[in-house]
Amino acid sequence: MDWPCAEADFNDHDFGTFKYQHRPFKIIRKLRSDKELKCWNIESPEDLQRWIDENRIPIRDSCEYGTFAILFSRGVDARLSCPLHIPVTMDKFYQLIQLFHIHRMIVRTICRKITYFSRLYSLRENPGGNIVYTARMSSSWPEDIAMSSTHLSHKRLNLSVFYGCGESQASKIMKRLEMARNAIYHPMLPAGILVELDRDRMVEQVSSAFDSFIQKTEDLCFTSCDPERIMDKDGESTGQLSYLYNDTRELVKGIRKVKSQISDMCSHIRELHKRKRGSHKRLRPRRRADTDFDAYSNTSSVATRIYERLQEIEAEYDEKLDQCHMVTDGLAFSTQLAADRANIQIAVDTRQENARMRLISLVTMVYLPVTSVATIFSMGVFNWTAASQQSVFTFYFWIYIAIAGGLTVVTVGSWWALTRTTPRRMSDSTTDLASTISSTTYGREDMV
């Protein structure tokens, strides 16, 4: 089964999953003693090797809490924009795996391509226990990134890697780390930053869908009553409305998955609090009256801040869900309204056509007898010069009666046969469909 593997070491298949092409990227650091964020711009493999040599011992022997983060850049080419396309060579990636304690679970997380969050307690290298986190955004929308982070509990040090960062996303990560203050050591900080980036992305998608909804609604509501213009506005296919509706439905599913991810993170924060403080205490939001201590000076208040922020984002997603539902419901209502207007116009046009057809039928009824009589008298089937003992009807009159009568019988008989056969076929089809549905239902009940 495809469950998370506790084995930390990468195998050949894991290394083969990634695509390697060197590109410039950043490595940042924020420790307790750092007054400001430290950033290294890695432009070449030599720069990366130099950084590894300079920081291997500080990371291994450091006693300061804080966070190291690698911001793997996203490729400019759309084919290289997946988080699996990393900007380092395989041998350099192996060194980073050893230095940052990257767990092979990140491969499974990235390949799933869905919103995901996982944590794993590892006792292999630290008897006190390291916490390994992996998370990623859904690949259904642009600028999806993934994250792996290992929290060294005995040092309170986060070693994080963000995969597939764009320029704006890298800037936001740096800004949030710089503003983290004493929360820089909390194990859930990197995952919380990923949630913030995903929030920005999803809010933009909802805003885009809502703007498109407003535009399409105006086009439907303020166009003319011409059915062709309503159903196919200015030659544009009404399939665009279907695309917008389907995209919004997918957005609703994506937001629900993100909310589930946030719920898992909140549960994990409560779990960390219980492990540290004991199961008899609960993680509660800070009270306004508690002003006798510094809110940024203890682990509990830092966890509370992260917990509260995740709750705020989850509540904001509820609002975005309402907007998405308004888009889908509004699209259905606007489309139905436009269709009703088109049907009304079609009904008006049909009524006018019926009036014209009645006028044509009346004219036809007036001229048809006269035309029929003139036609019969012009066929030469009467002998107007016949003597007193001769018949006025010629031989051709009876031929006319036989042919016309035969054709009339054939026409009426064909009409009668066709009108009898079509309803019978429809009745048989309905019976077959009903029997099929009934057998399927009974089969499912038997399976249950």
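Predicted model: local features only at pLDDT ≥ 70, side-chain atom pairs only at ≥ 80, totals over all residues.

Modeller: Let's go for helix H5, where the buried residues are Gln169, Ala170, Ile173, Met174 and Leu177. Around the helix axis they span an arc of only 135°, so they sit on the same side of H5. As for the helix itself, H5 runs over residues 167-178, 12 residues in total. From first C-alpha to last it reaches 17 Å, close to the 16 Å expected at 1.5 Å a residue.

Now for the setting. Of the chain's 448 residues, 39% count as buried. If you take contacts between residues at least 6 apart in sequence, 68% of them join residues at least 24 apart. The chain exposes about 26600 Å², and carbon and sulfur atoms supply 56% of that.

One stretch of the surface is worth a look as well: a nonpolar patch with about 910 Å² of accessible area, whose members include Val373, Trp384, Phe393 and Tyr400. Helices H9 (299-377) and H10 (395-447) are the elements that give two or more residues to this patch, and H10 gives the most, with three. Phe393 comes from the loop between H9 and H10. With a relative accessible area of 39%, Phe393 counts as partly exposed.

Conventions
Residues numbered from 1 in each chain as written. Heavy atoms only, no water. Helix = DSSP H or I, 4+ residues; strand = E, 2+ residues; numbered from the N terminus. Expected span 1.5 Å × (residues − 1). Buried < 20%, exposed > 50% of the residue type's maximum accessible area, 1.4 Å probe, protein only. Arc of directions from axis to C-beta. Patch = residues over 30% accessible without salt bridge, like charges linked within 9 Å, V, L, I, M, F, W, Y side chains within 5 Å. Areas by Shrake-Rupley, 256 points an atom, 1.4 Å probe, with all protein chains shown as cover. Salt bridge = Lys/Arg side-chain N within 4 Å of Asp/Glu carboxyl O. Contact = heavy atoms within 4.5 Å.
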